[in-house]
Amino acid sequence: MSRIFSGVQPSGNLHLGNYLGAIRNFVRLQQDYECIYCAVDMHAITVWQNPDELRKNTREVAAAYIAAGVDPEKSIIFAQSSVPAHAELAWIFNCVARLGWLNRMTQFKEKAGKNRENASVGLYAYPNLMAADILVYRATHVPVGEDQKQHLELARDIAQKFNNDYHTETFPLPEPLIFGAATRVMSLRDGSKKMSKSDPSDYSRITFMDDRDSIALKLRKARTDPEPLPDNEKELEGRPEAANLVGIYAALADRTRQQVLEEFAGAPFSSFKPALTDLAVEKFGPIGEEMKRLAANPDHVDAILKKGAERAAAIANPIIREVKDVVGFLQP
Ligand code: TYM
């Protein structure tokens with residue numbers, strides 16, 4: 001049986017990359033599968049979070065899921081910290097994963113930067129918690145953007161090593177689901193960097209909070225090159241900013257990049273950008289509006305998170321019990 005799990009960090013500045021790379025796919029998958037979607041607050045505190053902001057951002061992630069179309073009656077929406085089994089399994093995985101494996105994680109290297117000695121231990125062990133998130137539900141498929149691929153490979157390695165070490169078939173090997181025309185949305189200011197919550201420039205990303213005017217302004221200021229758009233994908237090579245905007249257009253319009261280029265072949269950015277602005281306002285704008293409306297009603301969101309946590313725990317608790325038994329923990 002297939003089961004879907006994914007999560008988004010409540011660290012503020014939710015953006016178009018999170019939507020196109022992940023959240024939009026969450027919605028599509030719920031038609032056919034049992035889906036569990038989490039606001040990963042324990043991951044968020046691997047770097048400093050103001051407690052009030054964290055509460056607000058956790059509700060905002062849940063609100064974004066719902067606004068985008070995740071149905072809380074059908075799919076499970078909850079906050080990671082409210083299901084203790086995640087932390088319990090993460091500890092066990094801290095003892096399964098090898099230092100050498102974590103040393104290879106590019107995201108840690110990027111996030112820790114030059115001052116590695118000063119990074120939290122949590123930031124280093126982050127992928128082990130992520131593996132626990134997935135495997136504590138025995139999830140088989142994980143919709144994510146391209147940047148999470150390496151973490152998913154690690155989750156598979158952990159599942160495999162656990163199964164081998166204990167001579168069991170406790171865990172499935174989870175597979176990433178990376179699909180759509182914008183699996184890696186790049187910064188609007190620099191086509192070589194991914195769009196991210198932590199970029200110091202607000203102009204680098206379109207967020208769920210942006211209204212028509214700010215979407216228009218950010219796209220107008222978005223970096224491009226002087227050439228008009230080509231008529232085929234091959235000629236986007238070496239033009240990262242152009243490729244990014246075409247990818248965003250294609251994803252929002254639910255078309256391929258090639259189809260978009262066929263329509264806009266020869267167009268200068270001065271006409272492509274307004275068309276992209278209209279499309280982004282039409283497709284993404286209402287989701288942001290709905291998210292703001294939901295986030296303004298925290299009691300409603302909290303009730304959804306509470307029910308979601310109960311449903312999630314009902315799946316995770318028997319699995320963590322079984323895992324503890326395999327490991328040899330006494331369970332009074
Ligand atoms: P996070 O919070 O950084 O991002 C949430 C989701 O958005 C995707 N994403 C992007 N997709 C396309 N273009 C971009 N520029 C872009 N930026 C972000 C991410 O790939 C992700 O799917 N470690 C995860 C959260 C997590 C998780 C999990 C995911 C924790 N436990 C278990 C899946 C399963 C993270 O930091 O995502």
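Select helix 9 (residues 212-221), whose buried residues are Ser214, Ile215, Ala216, Lys218 and Leu219. Here buried means under 20% relative accessible area, exposed means over 50%, and partly exposed lies in between (1.4 Å probe, protein chains only). Helices (H or I, at least four residues) and strands (E, at least two) are DSSP runs, numbered from the N terminus. An α-helix has 3.6 residues a turn, so residues three or four places apart point the same way. Next, display helix 10 (240-253) and helix 12 (269-283), which are among the elements covering the buried residues of helix 9.

The model is predicted: local features need pLDDT of at least 70, side-chain atom pairs count only at pLDDT 80 or more, and totals for chains, interfaces and linings use all residues. Residues are numbered from 1 along each chain as its sequence is written, and side-chain values use heavy atoms, with hydrogens and water left out.

**The whole chain**

Zoom out to the protein chain, where the secondary structure comes to 14 helices and five strands. Along the principal axes, the C-alpha atoms fill a box of roughly 70 × 45 × 40 Å. Of the 332 residues, 52% are buried. Among contacts (heavy atoms within 4.5 Å) with a separation of 6 or more, 76% join residues 24 or more positions apart.

**Strand 2**

Select Tyr37, found in strand 2 (residues 34-39). Tyr37 has a relative accessible area of 0% and is therefore buried. Beyond its neighbours within four places in sequence, Tyr37 has contacts that include Ile4, Ser6, Phe26, Leu29, Tyr65, Val70 and Pro143.

Now show the cysteines. The structure holds zero disulfides, a disulfide being a pair of cysteine sulfur atoms within 2.5 Å. Cys35 is in no disulfide, and its nearest cysteine sulfur, that of Cys38, is 14 Å away.

**Helix 3**

Move to Ile66 in helix 3 (residues 51-68). Ile66 is buried, with a relative accessible area of 16%. Not counting residues up to four places away in sequence, Ile66 touches Pro72, Ile77, Leu294 and Ile304. Then pick Gln80, which lies 14 residues from Ile66 along the chain; the C-alpha atoms of the two are separated by 17 Å.

**Helix 6**

Finish at Gln107, which lies in helix 6 (residues 106-112). Is Gln107 buried or exposed? At 10% relative accessibility, Gln107 counts as buried. Its partners, leaving out residues up to four places away in sequence, are Tyr126, Asp147, Gln148, Gln150, His151 and Lys194.
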